[in-house]
Amino acid sequence: MVIDAISNALTKQRAWDAVAGVVDPEIPVLTIADLGVLRDVTLNDGRVEVTITPTYSGCPAMNMIALEIELALERAGFRGSKIRTMLSPAWTTDWMSDDGRRKLRDYGIAPPIASTSRRALFGVEQVPCPQCGSGDTELLSEFGSTSCKALWRCKSCREPFDYFKCH
């Protein structure tokens, strides 16, 4: 019984490790683990089940992510896996890892501001520029290069940049 529990834990960890490195097709510097899209990996009757939550309900990348998860599991020797999409609770930028936020900034995308900030409610949200660090920035468009990003510009260095929206 103890050996079975250890074996299951090791198998589950091996499956998690196999899928945690799957990258987001829209932001290839981030993995689904960085984003917090990877919610759970379980074993059910010897079959791996992976639970993912989209960054928003209409995210076009989810089909590609599910396919890449299946391929990653196949490469790791897992056959007949099941991918489950869970919409509730809804994904939040709070689920992003600190490493994922750093990767976004290094890639030139401003990471989301922590949701504990209430500044956005009062219209005074300031997003630091990922290029120069200045807080003197302005929103150009609520719609950026993908639906999960907005387009901002730094008033100091004059560079435009994407901001990963808070959800």
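Reply: The largest nonpolar core has 28 residues, and Val50, Ile69, Leu73 and Phe164 have the most contacts inside it. A nonpolar core is a set of buried Ala, Val, Leu, Ile, Met, Phe, Trp, Tyr and Cys residues joined through side-chain atoms within 4.5 Å. Buried means under 20% relative accessible area, exposed over 50%, partly exposed in between (1.4 Å probe, protein chains only). This is a predicted model, where local features need pLDDT of at least 70, side-chain atom pairs count only at pLDDT 80 or more, and totals for chains, interfaces and linings use all residues. Residues are numbered from 1 along each chain as its sequence is written, and side-chain values use heavy atoms, leaving out hydrogens and water.

Me: Which element gives the largest share of this core?

Reply: Helix 3 does, with five residues. Helices (H or I, at least four residues) and strands (E, at least two) are DSSP runs, numbered from the N terminus.

Me: Switching to helix 4, which of its residues are buried?

Reply: Gly100, Arg101 and Leu104, in a helix of residues 98–107. They lie on the same side of helix 4, because they cover an arc of only 100° around the axis, taken from the directions from the helix axis to the C-beta atoms.

Me: And what's on the face turned away?

Reply: The exposed residues Asp98 and Asp106.

Me: What covers the buried residues?

Reply: The cover includes helix 2 (32–35), strand 4 (109–110) and strand 7 (160–164). Phenylalanine 164 touches Leu104, among others; contact means heavy atoms within 4.5 Å.

Me: What comes just after helix 4?

Reply: Glycine 108, with a positive phi of about 100°.

Notes:
Lists of a residue's contacts leave out its neighbours within four places in sequence.
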